[in-house]
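I opened a new page for this chain. I want to note what I looked up, entry by entry.

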Amino acid sequence: MKKPTIAGKTPLPVQLEAGKTYAWCSCGESSNQPFCDGSHKGSSFSPKVFVAEETKTSYLCNCKQTAKPGFCDGSHKHL
């Protein structure tokens, strides 16, 4: 499987709203980071779709190396 493009080496703080659906970019090619804009079409990647459980600021992964798709787990520190 192809490796994703590293969109950035720091997580992005995002204000998530409870009950709202989000699509996190897993390929790293979106021009709307950290969210999907459909740039993955024709590749082996697909967005990680999730519904926010609560309204809060979350740190979304921008390096695309996380073991917790969508959310930063510190993987960028090893790049």
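My entries below go from the whole chain down to single residues.

**Ground rules.** I am working with a predicted model, where local features need pLDDT of at least 70, side-chain atom pairs count only at pLDDT 80 or more, and totals for chains, interfaces and linings use all residues. Residues are numbered from 1 along each chain as its sequence is written, and side-chain values use heavy atoms, with hydrogens and water left out.

**Overall layout.** I looked up the secondary structure and found 0 helices and 4 strands. Helices (H or I, at least four residues) and strands (E, at least two) are DSSP runs, numbered from the N terminus. Along the sequence the pattern reads β-β-β-β.

**Dimensions.** I checked the C-alpha trace, and it spans about 35 × 30 × 20 Å along its principal axes.

**Surface and contacts.** The chain exposes about 4800 Å², and carbon and sulfur atoms supply 51% of that area. Accessible areas come from the Shrake-Rupley method with a 1.4 Å probe; for residues, only the protein chains shown count as cover. Buried residues make up 37% of the 79. Buried means under 20% relative accessible area, exposed over 50%, and partly exposed in between (1.4 Å probe, protein chains only). I also looked at contacts (heavy atoms within 4.5 Å). Among those between residues at least 6 apart in sequence, 60% join residues at least 24 apart.

**The core.** Which residues make up the largest nonpolar core? I listed Val14, Leu16, Tyr22, Trp24, Phe35, Phe50, Ala52, Leu60, Cys61 and Cys63, 10 residues in all. Two elements give two or more residues to this core: β1 (12-16) and β2 (21-24). A nonpolar core is a set of buried Ala, Val, Leu, Ile, Met, Phe, Trp, Tyr and Cys residues joined through side-chain atoms within 4.5 Å. In soluble globular proteins, nonpolar side chains tend to be buried together. Leaving out residues up to four places away in sequence, Tyr22 touches Gln15, Leu16, Glu17, Phe35, Lys48, Val49, Phe50 and Ala52.

**Ser58.** I found Ser58 in strand β4 (residues 56-60). Is Ser58 buried or exposed? Ser58 counts as buried, at 7% relative accessibility. With residues up to four places away not counted, Ser58 touches Leu12, Pro13, Val14, Leu16 and Phe71.

**Salt bridge.** I searched the whole structure and found 1 salt bridge. The term means a side-chain nitrogen of Lys or Arg within 4 Å of a carboxyl oxygen of Asp or Glu. Glu54 pairs with Lys56, and their closest N and O atoms are 3.9 Å apart. Glu54 is partly exposed at 45%. Lys56 is partly exposed too, at 39%.

**Backbone notes.** The peptide bond from Gln33 to Pro34 is cis, with omega near 5°. I placed Pro34 in the loop between β2 and β3 (48-51). Lys64 has phi near 70°, a positive value in a residue other than glycine. Lys64 lies in the segment after β4, and it is buried at 6% relative accessibility.
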